[in-house]
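Open the model in a viewer and keep the selection panel at hand. The stops below go from the whole chain to single residues.

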Amino acid sequence: MQQVQKGFTLIELMIVVAIIGILAAIAVPAYQNYTLKARYTEVVNASAPFKTAVELCVQTGNCNNGGVVLVPATGARAAVEVPNDAGASGIVTSITVGPAGAITAVPVAANGITAADDYILTPTITATGGVTWLRTGGCSTRAAGPLC
């Protein structure tokens, strides 16, 4: 009577371990980059209310944010309040709105994100009265890959 083989040979086990090692070597760095981008999302989301305020300001043509006026105030409509500074909150050190409506968010330096990874949104008013945004800053020029 012949004996039936039970289990795996040593070479089969070594091949499986090698495949798992290769997959892990690729997956771990990709996962670390993914989690870094996920943490940076809080910086992007923190700028959203300022972005909305600037867009409303442009669309209504009536702005009020301490001297920062994107479009001359017209009519008797209530002025849109565009805050020009926000303090620290969560992973954001500060958010400021510049004279031309440019929004700058500076992150807290922690967990792989540095203070130099700032997030800058610059508005451009289109001919139809809309706003397009140019995204720049340290988050887009990182050597290890962009965060925003």
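The model is predicted: local features need pLDDT of at least 70, side-chain atom pairs count only at pLDDT 80 or more, and totals for chains, interfaces and linings use all residues. Residues are numbered from 1 along each chain as its sequence is written, and side-chain values use heavy atoms, with hydrogens and water left out.

Colour by burial next. Of the 148 residues, 26% count as buried (under 20% relative accessible area; exposed is over 50%, partly exposed in between).

Switch to cartoon. Helices (H or I, at least four residues) and strands (E, at least two) are DSSP runs, numbered from the N terminus.

Select residues 10–46, which form helix H1. Ile11 lies in this helix and is exposed, at 54% relative accessible area.

Stay in H1 and pick Ala46, which is partly exposed at 25% relative accessibility. Which residues does Ala46 touch, leaving aside its neighbours within four places in sequence? Its contacts (heavy atoms within 4.5 Å) are Val92 and Ile95. Draw a C-alpha to C-alpha distance from Ala46 to Ile95: it reads 8.1 Å, across 49 residues of sequence.

How values were computed:
Buried means under 20% relative accessible area, exposed over 50%, partly exposed in between (1.4 Å probe, protein chains only).
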